[in-house]
Amino acid sequence: MFHKKTPDDFYQYCLVKRGLSEITIDGYRKVIRKFLKINRLEEKHVENYIGEMRQRKYSYSHVRNTIVALENIMSFIGKSIRLGRPKK
């Protein structure tokens, strides 16, 4: 039977398999929750979301942390993407 991966599965994976801290996972949780309110986990949606953040002049660290969180969950669901990192 096919098991659809959920954000909760991703957070558990980050904690157990990747050994990430609760603070990092909480940051991922916030980013992903906000993203999923208006988007689906598809490459085009992620690219548009990050582009919009950069156009609106979000801080370097906020954009970078969002990129990392979204790249990681996309990889977890089998849709790996790699986005450019903003320059300081």
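## Terms and basis of the model

A residue is called buried when its relative accessible area is under 20%, exposed when that area is over 50%, and partly exposed in between, with a 1.4 Å probe and protein chains only. By this scale Tyr13 is partly exposed, with a relative accessible area of 31%.

The model is predicted, so that local features need pLDDT of at least 70 and side-chain atom pairs count only at pLDDT 80 or more, while totals for chains, interfaces and linings use all residues. Residues are numbered from 1 along each chain as its sequence is written, and side-chain values use heavy atoms, with hydrogens and water left out.

## Overall fold

The chain holds 4 helices and 0 strands, where helices (H or I, at least four residues) and strands (E, at least two) are DSSP runs numbered from the N terminus, and its pattern along the sequence is α-α-α-α. Its radius of gyration is 13 Å, close to the 12 Å given by the globule rule for 88 residues, so the chain is as compact as a globular protein of that length; the radius is taken over C-alpha atoms, and the rule is 2.2 Å times the number of residues to the power 0.38. The C-alpha trace spans about 40 × 25 × 20 Å along its principal axes.

Of the 88 residues, 34% are buried. Contact means heavy atoms within 4.5 Å, and among contacts between residues at least 6 apart in sequence, 49% join residues at least 24 apart.

## Surface and charge

The chain exposes about 6300 Å², of which carbon and sulfur atoms supply 50%; accessible areas come from the Shrake-Rupley method with a 1.4 Å probe, and for residues only the protein chains shown count as cover. The mean positions of the 20 positive and 9 negative charges are 5 Å apart. In this count Lys and Arg are positive and Asp and Glu negative, whereas His and the chain ends are not counted, and each charge is placed at NZ of Lys, CZ of Arg, CG of Asp or CD of Glu.

## Helix 4 and its cover

Helix 4 comprises 17 residues (residues 60-76), which at 1.5 Å a residue should span 24 Å, and its end C-alpha atoms are 24 Å apart, in agreement with that value; the expected span is 1.5 Å times one less than the number of residues. Its buried residues include Val63, Thr66, Ile67, Leu70, Ile73 and Phe76, and what covers the buried residues of this helix includes helix 1 (7-16), helix 2 (22-38) and helix 3 (43-55).

Two positive phi values lie in the neighbouring segments. Lys57, in the loop between helix 3 and helix 4, has phi near 65 degrees although it is a residue other than glycine, and Lys57 is exposed, with a relative accessible area of 70%. Gly78, which follows helix 4, has a positive phi near 85 degrees.

Thr66, in helix 4, is buried with a relative accessible area of 2%, and, leaving aside neighbours within four places in sequence, Thr66 is in contact with Val31, Tyr49, Ile50 and Met53. Tyr49 belongs to helix 3 and counts as buried at 13% relative accessibility. Not counting residues up to four places away, Tyr49 touches Lys34, Phe35, Ile38, Asn39, Thr66 and Leu70.

Tyr13 lies in helix 1 and, with neighbours within four places set aside, is in contact with Arg18 and Phe76. Tyr13 and Phe76 are 63 residues apart in sequence and 8.7 Å apart in space, C-alpha to C-alpha.
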